[in-house]
Amino acid sequence: MSTAHVLLGVLAGGPAHGYDLKREHDARLPGAKPLAYGQVYATLARLERDGQVEVAATEGGSGPERTVYAISEVGEEVLLDWLATPEQPGPYAAEELVRKTVTALRLHRDARPFLAAQRALHLERMRALVAEQRAAPDVEARIALDHTIVHLDADLRWLDDAAARVADEGNALR
Amino acid sequence: MTTLALVLLRRGGRLRPVVVAATTAVVTSLVLVVVAVLMLPADPDELLFNVVQEPGLRYGTVLGMSLLVVPLLLLLHQALRLGNASRQRRLAGLRIAGVTAREARLLGAGEVAVPALVGSLLGIVGFGVLRSVLGGGADGGPSLVVGDYGYSVALVPTSVTPTWWMVTSVVAGVTALGVLLGLRTGSGVSDPPHGVSRRSAARAPRPWGACVLVALVLLTVPAAVVPPVAYALFVDGFGTLALVAVTVLAFVSTGPWAAHLAGRVAQDRASTVPVLLAARRLVVDPRPAGRAGAAVGGVGLVAGGVGVLLGDVVGSGGADFFFVFSYVLVALGLLVTLLLVSLTLAVHSVETLTDRRRSMASLHALGVPATDVRRSQQWEGYLVAVPMSLVGTLLGAWTVGGTAVVDPAAGPAPLVLTLACVVLTPVLAACAVRLAVALTGPVARRVVDPEHLRTA
Amino acid sequence: MTSTDGSGATALLRAHALHKSFGRTEALRGASVEVAAGEVVALTGPSGSGKSTLLLCLAGVLRPEAGSVAYDGSRLDDLPEATRTRLRRREFGLVLQFGQLVPELSAVQNVMVPLLLERHGRAAARTAALAWLDRLGAAGLADALPGDLSGGESQRVAMARALVTGPSVVFADEPTGSLDRVSGEDVMEVLVSTAQSTGAAVVLVTHDNRVAAYADREVVLRDGAVDDPAVVR
Ligand SMILES: Nc1ncnc2c1ncn2[C@@H]1O[C@H](COP(=O)(O)OP(=O)(O)OP(=O)(O)O)[C@@H](O)[C@H]1O
Ligand SMILES: [Mg+2]
């Protein structure tokens, strides 16, 4: 599970507590879904169990917010291993967009209003991402945003292609 | 292959074959007239104008007629470059479709050979027409009556006729010349299609020609002082011929350098768009304009020399019909040459503009008036033709007249006529440029069409 | 930001029900669009939908056969050619996908052209042109000929030429069309941020959604008219 690896990557830069980890994770991956606190602590617990992180210090009272974690030697090994290994491409789950469009067409309903509305929404999101990217301070952030933008662009192109095919089909039938 | 050639011939646009045929026709007619003049016996069986009739004057006339071929060849050369870019693309496309380099060259040659042959054959007809209009005869053919006397102004011998093999060789020669020029201008069409695009400017031309001209002028100073030198240069036939040859060569190689120089000087002072465009075209590609400039310089050279001679004749009161009509003929020849040369220049700038129609159309879209494009053509012509004709006229006047022009003993006529030539020739050159640009106006107007702005 | 739909009295440029044919091809069939001052509008749609034609009609380069184009409240489509040419020169800038720079003119001379037309002196025009090249990050290219520039560099020079007169509207037909994504992004960044700082509106034709996302608003064309998804054909 790669959230764990990203957190290990953050800890490789120096010990941190859970709150810092979440903030750094989100800053490093702008445009992606933000990490929930619960997930941070669950992941840390698992990493500690597997010996990949250690508790470096406990500040003040008890509770997870006060615990400072550090990466262990095992953790570093796991991290380097992950960094060096390529990922499997796909398979992608059918997205809601595709499900909705295909279902509508199977029912002989005009999917174009949906496709157009969806395109507007997607472009709205694209605009926000591009604006965020233009304001991004460093190249890492821009690269992370590129990924989201390119995926969104793939969806947009799919929407355009679908609309064009539906229009073609309509013209052919007339 | 033949079908393909015919298709290509029809796709290539009409202007190029028409100009090729027209120029080869006129060249053929002229050469046939020259051949006929050369065939005349020392004492012809007909009455012609003196410059043809008298053996002593005949060779000068032949030289003059042959020089008229030069601007025609310049025009032919320029016309052959018309549409080169699109022809190159077309032939490149054929290469991809499997036509070999040799076949592509053959097709390219065929595109020129057909109109050149048709033109040469029409030239025979033209020769026939000239013979019947300007032909001599026992009665002297066409004549002008001045006072009580009628003078024959016939220029084309009718008592001799070029034999069939002479005509055939002239036709074959002119056609071959056309094809050769065509192959030269079209070289590269058989190269792979998407090679390196033409990028920065070619090497700037060198001033050697101008140096030679200056040396010639300096040479005339001792010539005016030392009689043997003067004799060798201006009186001895061989010396004069050598002088003319060197001068012509020097002019030809001065042209591009002068065009480049004019462009550089103008670009650094240009405060309007037409001047800037014209100046930059001259700097980046000075050779075509330079060739035309050299020809205009040649016209100036002759005009200057003739101006001085005319001044001499008028000054000495010897202006009879023979002299006046001879000078009218020379002046006509010069005017026709000026117009042909300016046309060359205009055809070249039209070609350049057509090549750059996308950028021209986008200038227009940015707010450059369409007339500015035409004005840039005019400026391109002025920048080359006016200085070259001025320098040529001065040089001609100096070489022929030297300091004699201002000799007080000869009266004011030589000076006045020489000055008139010096002023008139550049003015006429400018007028010829205007006329030529006006003639090509419709093409220039089309290059700013917004159609060229479209993407893909 | 001005009203994003460009409607109402704030519209700087307003095209209404434009029709334009080329021979038997109807490129525009009743296209209407409005652009507010300082607004960035993207024209998108499939190939042949009439984007370039609409852009050129808005810019007063092409004349529609029917409908009207108004700039700053007065019609420009029925102005005589010479007047429209002058209007374009003062108020509009134009950037194309490629091939718009005059090949004989150096980069800085290309940028000087619109200023020379307005009779600025040579020296003043050169200074201003150099300043704009510098502003667009192309200062080092001033004396290069267009043939020696890369695609992205050419576009910067073209944008300098379009912006140098301080136009109210910049028209761009696929300005990033022959560039890779990163160069295209650079060009868009420069175009949009410069237009923002000078208050110029931008009308942009593009096939690239990322480029369209630089715009405040998208107008989709289909078959020569603005696509309205609510209308089922
Ligand atoms: N000058 C012209 N001559 C002939 N047809 C033209 C001309 N200009 C445009 N058209 C036609 O008008 C229609 C619209 O063309 P336009 O260039 O505006 O489309 P576009 O949306 O810009 O397309 P693309 O995305 O391919 O650039 C097309 O069918 C095109 O062929
Ligand atoms: Mg287009």
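Biologist: How many salt bridges are counted between domain 1 of chain B and domain 2 of chain B?

Modeller: First off, this is a predicted model, where local features need pLDDT of at least 70, side-chain atom pairs count only at pLDDT 80 or more, and totals for chains, interfaces and linings use all residues; side-chain values use heavy atoms, leaving out hydrogens and water. Residues are numbered from 1 along each chain as its sequence is written, while chains are lettered from A and ligands numbered from 1 in the order in which they are written. A salt bridge needs a side-chain nitrogen of Lys or Arg within 4 Å of a carboxyl oxygen of Asp or Glu. Between domain 1 of chain B and domain 2 of chain B, that count is 0.

Biologist: And how many residue pairs in polar contact are there between domain 1 of chain B and domain 2 of chain B?

Modeller: A polar contact is a pair of N or O atoms within 3.5 Å; within protein, one must be able to donate a hydrogen and the other to accept it, and residues adjacent in sequence count only if both atoms are side-chain atoms. With both residues at pLDDT 80 or more, the count for these two domains is 0.

Biologist: How many residues does the contact take from domain 2 of chain B?

Modeller: An automatic or database domain assignment sets the bounds, and for chain B it gives domain 1 (1-200) and domain 2 (202-456). Contact, meaning heavy atoms within 4.5 Å, takes 24 residues from domain 1 of chain B, and from domain 2 of chain B it takes 23.

Biologist: What area is buried between domain 1 of chain B and domain 2 of chain B?

Modeller: Buried area is the accessible area (1.4 Å probe) that two parts lose on being put together, summed over both. Here 74% of it comes from carbon and sulfur atoms, and the area is about 2100 Å².

Biologist: Which helix of chain B gives the most to the side of domain 1 of chain B that touches domain 2 of chain B?

Modeller: In domain 1 of chain B, Leu74(B), Leu75(B) and Gln78(B) lose the most area to domain 2 of chain B, together 25% of what that side buries. Helix 3 (50-53), helix 4 (55-81), helix 5 (84-96) and strand 1 (143-146) of chain B each supply at least two residues of that side. Helices (H or I, at least four residues) and strands (E, at least two) are DSSP runs, numbered from the N terminus. With 9 residues, the one giving the most is helix 4 of chain B.

Biologist: Is Glu380(B) buried or exposed?

Modeller: Glu380(B) is in helix 15 (residues 370-401) of chain B. Its side chain joins that of Arg281(B) in a polar contact of 2.8 Å. Buried means under 20% relative accessible area, exposed over 50% and partly exposed in between (1.4 Å probe, protein chains only). Because its relative accessible area is 2%, Glu380(B) is buried.

Biologist: How many salt bridges are counted between chain C and chain A?

Modeller: In this interface, 20 residues of chain C are in contact with 18 residues of chain A, and about 1600 Å² is buried between the chains, 46% of it on carbon and sulfur atoms. One salt bridge pairs the side chains of Glu189(C) and Arg134(A) at 2.8 Å, N to O. The count for chain C and chain A is 4.
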